[in-house]
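Visitor: Could you walk me through this one? I would like to begin with the overall layout.

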Amino acid sequence: MAQGRGCASQATKSTITLLLCLLVCLETIDAATYTVGGSNGWTFNTAAWPKGKQFRAGDVLVFNYDATIHNVVAVNRGGYTGCTTPGGAKVYTSGKDKLKLAKGLNFFICNTAGHCESGMKIAVNAV
């Protein structure tokens with residue numbers, strides 16, 4: 001009898017493991033990928049680009065830009081509003097950055113002098 005219970009327990013563990021794997025896969029499949037700025041890419045006057053789009057935590061934003069003159073900085077609300085780069089902020093410089101959205105508000109700017117002030121910034125709310 002003890003041997004039978006061990007098999008049932010092993011089957012239960014295997015089933016739970018399989019279900020967890022499926023949940024992880026579904027979350028990945030559900031994630032959408034958005035190219036910031038559309039065909040124009042990450043450039044000036046993109047602040048309005050997120051309007052009308054529904055973002056979810058885990059979605060990926062692709063920032064395509066000329067890396068010799070632009071960058072992407074993940075900032076907090078103050079950095080977004082004031083076009084400043086807080087200490088410790090992550091600066092991306094590849095020209096083809098892929099950033100996963102966290103739940104809640106996500107803020108991004110270009111911190112090249114004058115670029116954020118010219119609308120090279122976005123605020124994205126991910127549910």
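Guide: We can go through the fold, the sheet, the cores and the charged pair.

Visitor: What should I know about the model and the numbering?

Guide: This is a predicted model, in which local features need pLDDT of at least 70 and side-chain atom pairs count only at pLDDT 80 or more, while totals for chains, interfaces and linings use all residues. Residues are numbered from 1 along each chain as its sequence is written, and side-chain values use heavy atoms, with hydrogens and water left out.

Visitor: What does the secondary structure come to?

Guide: The protein chain has two helices and seven strands, in the order α-β-β-β-α-β-β-β-β from the N terminus. Helices (H or I, at least four residues) and strands (E, at least two) are DSSP runs, numbered from the N terminus.

Visitor: Which strands form the open sheet?

Guide: Three strands do, in the order β1-β2-β5, with mixed pairing. Two strands pair if DSSP finds at least two bridges between them. The edge strands are β1 and β5 (96–100), each pairing on one side only.

Visitor: How do β2 and β5 run, parallel or antiparallel?

Guide: Antiparallel, with five bridges joining β2 to β5. Val60, for instance, has Lys100 in β5 as its bridge partner.

Visitor: Moving on, which residues touch the most other members of the largest nonpolar core?

Guide: Trp42, Phe55, Leu61, Phe63, Phe108 and Ile122 do, in a core of 17 residues. A nonpolar core is a set of buried Ala, Val, Leu, Ile, Met, Phe, Trp, Tyr and Cys residues joined through side-chain atoms within 4.5 Å. Buried means under 20% relative accessible area, exposed over 50%, and partly exposed in between (1.4 Å probe, protein chains only).

Visitor: Which strand gives the most to this core?

Guide: β7 does, with three residues. Both β2 and β7 (121–126) supply at least two residues each.

Visitor: And what does Phe63 touch?

Guide: Leaving out residues up to four places away in sequence, the contacts of Phe63 (heavy atoms within 4.5 Å) include Trp42, Val72, Leu99, Phe108 and Ile122.

Visitor: Last topic: how many salt bridges does the structure hold?

Guide: One, counting a side-chain nitrogen of Lys or Arg within 4 Å of a carboxyl oxygen of Asp or Glu. Asp30 pairs with Arg56, and their closest N and O atoms are 3.5 Å apart.

Visitor: Which parts does the pair tie together?

Guide: Asp30 lies in helix α1 (residues 2–30) and Arg56 in the loop between β1 (33–35) and β2 (60–64), so the bridge links parts 26 residues apart in sequence.

Visitor: Is Asp30 buried, exposed or partly exposed, and which is Arg56?

Guide: Asp30 is partly exposed at 49% relative accessible area, and Arg56 is partly exposed at 45%.
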